Amino acid sequence: MSDETQSENTLKAWQAAAADIQIDGRAFINGQRSDSLSGETRPTINPANGNEIAEVAYCGADDADQAVNIAREAFESGMWSSMAPADRKMVLVRWAELIESHAHEIALLETLDVGKPIADTLNIDVGAAVRTIRWSGEAIDKVYDEITPTPANCLALVTRLPLGVVAAIVPWNFPLSTTAWKLAPALATGNSVLLKPASNTPLSALRIADLAAEAGLPAGVLQVLPGSGGSLGKHIALHMDIDGLTFTGSTPVGKQLMQYSGQSNLKRTFLELGGKSPNIVFADGNLELAASSAALAVFYNGGQTCTAGTRLIVEESIMDEFLPMVIEHSKAWMPGDPLDPATVMGPMIDSAQYQTVCDYVAIGKEEGAELLFGGNAVHEQSGGFYYQPTIFSGVNNQMRIAQEEIFGPVLAVIPFRNADEAVQIANDSIYGLAGAVWSRDINTAHKVANAVRVGTMGINNYFGGDITVPFGGFKQSGNGRDKSMHAFADYTELKTTWIEFE
Ligand code: NAP
């Protein structure tokens, strides 16, 4: 599908494009598409209607072993790992341009696979992937190593070397952007990579791998293997010849991966995990903006966002004024057909996630929280997994709906009386991924932002940030950092070379 064919941005035009799209579900190994060694496939399903989109290669341990050997050979050959950074940059920049010129096709694949609104995949996800790959490519020939302050008869070099063969395991909620967040720094720093997409959402990663080959990435440097987490993913995590593992996904699986690392070769393991992020609103904040952002923070991507602002922590004195404002903005988040450019929220990814949301809404009611808004499934006749934006008030932070990651459009509203209590509630969580504070008093805003133990904190915004800043979690939200130059550290080893002169 060329981008010229998608000139009209209407539901009808996107439906026609979806009916026409050609999908290759084969794995990407050694620079080309191939079936899994067993020939097995699994369907990938459209969450908007429950229909099969395509059959996708179902790779297992044999495929992983073969892919690791190919990746190792590519790494040892030096064709990529020893290529001048300026030349690696050219390949990555070309790759970004190719993704950009196939934006409509890739956005459509992502919308079909994830159920994400086409307006988001086109305007946010593809752009984020392009920027990440281009930025990492552009950055890599501007990174200098170190010479340390030694005595005159010595010279000490501190250099960063690629890890070698890196595996990346990614989730289904932002398949394209998390894939780019992993591949861009891993490849820029000279590693060979094996990517396992989520079983639910393999399509965009496979397609951009074709474009990487077209951009000049040497065969063998990147492999994309679709397959199950419990078998293929586990085999990768236990593999003795994979040097690094970068993961985005749930906290329980992240913990498992650390154990696999310890049980195998201590592969460097970096994790981006779950969250239960606090969004703190003080009485002196810009309440109109805080209310619209509160809805965005939790309902964007159907709440299937690691950084979702799922705990709205509101100064008690403004609760009666503020909650109606949040409800008003939440009405704009009713789910609809993801192929409609006017849709802002799509379905849940699958029936299991949908059921999880239903279960937590029942738990919230049982715990005594007040269901203020939503709380029902919608569009059931579509065959898709749609759920209304849902708000509980009267929540206390000990309730399960305030402590556990629901990963759906469910907001828990919690009152506070002063800044210390707001911080205490915010920090009373096993997670520490993101958060925000709303106040026009710079002292309150900064004090609270500083005290909340999370990797990213917004002051008077939610979801702020770009590729120049690192992204990752404190506590059980993970240990690695995606984005920015700091991401390069996760994909490299520091080496000291100490030279003595005669
Ligand atoms: P998940 O169940 O942990 O799965 C993530 C990936 O791990 C998938 O590719 C999955 O494969 C694979 N996997 C599952 N079990 C495995 C095992 N035993 N060994 C190796 N790999 C295994 O998470 P998810 O449900 O896809 O994604 C949602 C979670 O991701 C949420 O907790 C969310 O907060 C988190 N997340 C975090 C960030 C961040 O940057 N901090 C960003 C986005 C999402 P299958 O698909 O085959 O199961």
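So, what covers the buried residues of α15? Before I get to that, a reminder that this is a predicted model.

Let me start with the sheet. Seven strands make up an open sheet, and the order is β14-β17-β18-β13-β12-β20-β21, with mixed pairing. At the edges you'll find β14, residues 370–373, and β21, residues 456–459; each has a single partner strand, so one side of each has no neighbour in the sheet. Going from one strand to the next, the twist averages 20°.

Now look at the β21 end. Strand β20, residues 434–438, runs parallel to β21, and four bridges join the two.

At the start of the helix, a side-chain oxygen of D441 comes to within 2.7 Å of the backbone nitrogen of N443.

Okay, back to my opening question. The buried residues of α15 are A445, V448 and A449. They span an arc of only 100° around the axis, so they sit on the same side of the helix. Their cover includes β12, β20 and β21, and also α14, residues 419–427. Turn to the other side of α15 and you get N443, K447 and N450, which are exposed.

Next, a residue I'd like you to click on: S277. You'll find S277 in the loop between β11 and β12. Is S277 buried or exposed? With a relative accessible area of 1%, against a cut-off of under 20% for buried, S277 counts as buried. A polar atom of the S277 side chain lies 3.1 Å from the backbone oxygen of A434, and β20 covers residues 434–438. Leaving out neighbours within four places in sequence, the contacts of S277 include C306, T307, R311, L433, G435 and Y462.

Last stop, the nonpolar cores. The largest has 55 residues, and the members touching the most others are W95, I99, L187 and L222. Take L187: beyond residues up to four places away in sequence, L187 touches W80, R88, L92, W95, V193, L217 and V221. Apart from that core there's another one, of 33 residues, with F282, F385, A422 and I425 among them.

That's my tour, happy to take questions.

Definitions and conventions: Residues are numbered from 1 along each chain as its sequence is written. This is a predicted model: local features need pLDDT of at least 70, side-chain atom pairs count only at pLDDT 80 or more; totals for chains, interfaces and linings use all residues. Side-chain values use heavy atoms; hydrogens and water are left out. A nonpolar core is a set of buried Ala, Val, Leu, Ile, Met, Phe, Trp, Tyr and Cys residues joined through side-chain atoms within 4.5 Å. Buried means under 20% relative accessible area, exposed over 50%, partly exposed in between (1.4 Å probe, protein chains only). Contact means heavy atoms within 4.5 Å. Two strands pair if DSSP finds at least two bridges between them. Axes are lines fitted to C-alpha atoms, for helices over the stretch in contact, and angles run from 0 to 180 degrees between N-to-C directions. A polar contact is a pair of N or O atoms within 3.5 Å; within protein, one must be able to donate a hydrogen and the other to accept it, and residues adjacent in sequence count only if both atoms are side-chain atoms. The arc is that of the directions from the helix axis to the C-beta atoms.
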